[in-house]
Amino acid sequence: MVSYVSAFLYGVGGIVVAGMALLVAFQEKLVYVPVLPGLTKSYSITPARLRLLYEDVWLRSSDGVRLHAWFIKLLPECRGPTVLFFQENAGNIAHRLEMVRIMIQRLQCNVFMLSYRGYGASDGYPSQHGIAKDAQAALDHLSQRTDIDTSRIVVFGRSLGGAVGALLTKNNPDKVAALILENTFTSILDMAGVLLPFLKWFIGGTGSKGPKILNFLVRSPWSTIDIVGQINQPILFLSGLQDEMVPPSHMQMLYAKVASHNRECIFVEFPNGMHMDTWLAGGDHYWRTIQQFIGNHVPEIKEHESSHDDKVAAIKSSL
């Protein structure tokens, strides 16, 4: 009997040690995949290939990392909404251009596509703290532009990009008008058990029942579930029910966390949507959903309304 107990304990200990070794050595490679297998780090195409009007933008994050982005405009003088787009964890912004091309046409918007550090033409190496700084640099850049309506900046994030976007939106209530989350996870802590099932006994987020004894090893927890509850801006949740990467229940939990205090939240399901193709599987319904959300929560300010507001502000300042 003692020998069986000892063997069991040794087995559990071995799993813990193996889990620790995997986390310490490979976690960044699991979370961040700037280069897809068989491809290079460079962009396979640029917006010019799709005949999109764009400019290359070079930024510096607050810690000095040089970042690259594409700012794609519907028209040279477009004053419509501007979408700050945050991609998933794998590949680079060039792999999202076809979706963004349709986004620009359907939403009549501008799109700012940021390459996280270590991705595409950006320098550095990806990490949670670093990417959070990158996102802030992108938003600060947009907020200072004079060729867009800075009151209509909408953050869009899919998967990892949703975690990035949620944190940015929470930290900038005066700069971000609304947030769109698509197929986003509750946290990397919860995803560890999805990707490596044996780890769910040792790693987990706030809703996990396990001992969580390895949580301290996770350098990029991206705990979106703890962030969304602090967001007061309108949020649109887009959930693909056939998501093969992030369990759809994660999106349901994120929505439940917010809906209790934020009445400007909408949850929409797409029965055939998978992790990467919900925008494609959702078809017209997908784009109409976003159109309606932006129209209701990030409306265009008519020129006469804007001039009236300016006059009121000027009168108040003179008093």
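Visitor: Before we start, what does "buried" mean here?

Guide: Buried means under 20% relative accessible area, exposed means over 50%, and partly exposed lies in between. Please keep in mind that what you see is a predicted model.

Visitor: OK, so is serine 159 buried or exposed?

Guide: Serine 159 has a relative accessible area of 5%, which is under 20%, so this residue counts as buried.

Visitor: And where is serine 159 in the chain?

Guide: Serine 159 sits in the loop that runs between strand 5 (153–158) and helix 4. Its phi is near 55°, which is a positive value in a residue other than glycine.

Visitor: What about glutamine 108, what is its phi?

Guide: Glutamine 108 has a positive phi of about 55°, although this residue is not a glycine. You will find glutamine 108 in the loop between helix 2 (97–107) and strand 4 (110–114).

Visitor: Why is glutamine 108 called partly exposed?

Guide: Because its relative accessible area is 44%, glutamine 108 falls between the 20% and 50% limits and is therefore partly exposed.

Visitor: Switching to helices: at what angle do helix 3 and helix 4 pack?

Guide: Helix 3 (residues 128–144) and helix 4 (residues 160–171) pack at an angle of about 60°, and their axes are 10 Å apart. The two helices are therefore oblique to each other, and helix 3 passes helix 4 in a right-handed crossing.

Visitor: Which residues meet there?

Guide: From helix 3 come Ile131, Ala132, Ala135, Gln136 and Leu139, and they meet Val164, Leu167 and Leu168 of helix 4. Sorted by class, this contact has 7 nonpolar residues, 1 polar residue and no charged ones.

Visitor: Why might residues a few places apart in a helix point the same way?

Guide: An α-helix has 3.6 residues a turn, so residues three or four places apart point the same way.

Visitor: New topic: what does serine 187 do at the start of helix 5?

Guide: A side-chain oxygen of serine 187 reaches to within 3.3 Å of the backbone nitrogen of leucine 189, at the start of helix 5. Serine 187 itself is found in the loop between strand 6 (178–182) and helix 5.

Visitor: Is serine 187 buried or exposed, and what does it touch?

Guide: Serine 187 is buried, because its relative accessible area is 0%. Not counting residues up to four places away in sequence, serine 187 touches Gly205, Pro221, Trp222, Ser223 and Thr224.

Visitor: And which residues are buried in helix 5?

Guide: In helix 5, which covers residues 188–195, the buried residues include Ile188, Leu189, Met191, Ala192 and Gly193.

Notes:
Residues are numbered from 1 along each chain as its sequence is written. This is a predicted model: local features need pLDDT of at least 70, side-chain atom pairs count only at pLDDT 80 or more; totals for chains, interfaces and linings use all residues. Side-chain values use heavy atoms; hydrogens and water are left out. Buried means under 20% relative accessible area, exposed over 50%, partly exposed in between (1.4 Å probe, protein chains only). Helices (H or I, at least four residues) and strands (E, at least two) are DSSP runs, numbered from the N terminus. A polar contact is a pair of N or O atoms within 3.5 Å; within protein, one must be able to donate a hydrogen and the other to accept it, and residues adjacent in sequence count only if both atoms are side-chain atoms. Contact means heavy atoms within 4.5 Å. Axes are lines fitted to C-alpha atoms, for helices over the stretch in contact, and angles run from 0 to 180 degrees between N-to-C directions. Angles under 35 degrees count as roughly parallel, over 145 as roughly antiparallel, 65 to 115 as roughly perpendicular and the rest as oblique. A crossing is left-handed if the near helix is turned anticlockwise from the far one by less than a right angle, and right-handed if clockwise. Ala, Val, Leu, Ile, Met, Phe, Trp, Tyr, Cys and Pro count as nonpolar, Asp, Glu, Lys and Arg as charged, and the others, Gly among them, as polar.
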